[in-house]
Amino acid sequence: MTSAIEYFSNRLRFETDVSDVHHDIEAGTPGIVVIDSRSDEAWRQGHLPAAVHLPTGQIAARAAELIPAGSAVVTYCWGPGCNGATRAALEFAKLGYPVKEMLGGYEYWVREGFPVRDEKGEWSRPADELTAPAGAACGC
């Protein structure tokens, strides 16, 4: 029993989901920096409006100049089939930042109908009913 409690507690310490990240951004929760760890090409296709673009390979060299000391970092990549956000979170952890990985990544952010920014501006699409209940919170 204790190992299950420890396991799930640790997951909640190191993972978050798109709804919680969206809530924190909308609420203006201080000290959170959302990192898009994808390539330049992926960034141009669309990204979270509040995100900082910092590809994984550049984190060690550039994090200190882009991320204020004491910030809590949330990393994301394409989606649940990609472990890029995990690799980015590991890089931030090695640098001593408190960090969480955003489950679902960019894919689920878009699928839940949250705003996205690209070269043409900001947009969103209707929430996918398989990822977000229409007109209601999931209650989880």
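What percentage of the 140 residues of the protein chain count as buried? The figure is 36%, where buried means under 20% relative accessible area with a 1.4 Å probe, protein chains only.

**View 1. Secondary structure of the predicted model.** This is a predicted model, in which local features need pLDDT of at least 70, side-chain atom pairs count only at pLDDT 80 or more, and totals for chains, interfaces and linings use all residues. Residues are numbered from 1 along each chain as its sequence is written, and side-chain values use heavy atoms, without hydrogens and water. The protein chain contains six helices and seven strands, taken as DSSP runs (helices: H or I, at least four residues; strands: E, at least two). Along the sequence their pattern is α-β-α-β-α-β-α-β-α-β-α-β-β.

**View 2. Overall dimensions of the chain.** The C-alpha trace of the protein chain spans about 50 × 40 × 30 Å along its principal axes.

**View 3. Contacts along the chain.** Of the contacts (heavy atoms within 4.5 Å) between residues at least 6 apart in sequence, 63% join residues at least 24 apart.

**View 4. The annotated span.** The unreviewed UniProt entry carries the annotation "domain: Rhodanese" for residues 28–118; such annotations may be inferred rather than shown by experiment. The end C-alpha atoms of residues 28–118 lie 22 Å apart, and the span is 35% helix and 22% strand.

Note on methods
Buried means under 20% relative accessible area, exposed over 50%, partly exposed in between (1.4 Å probe, protein chains only).
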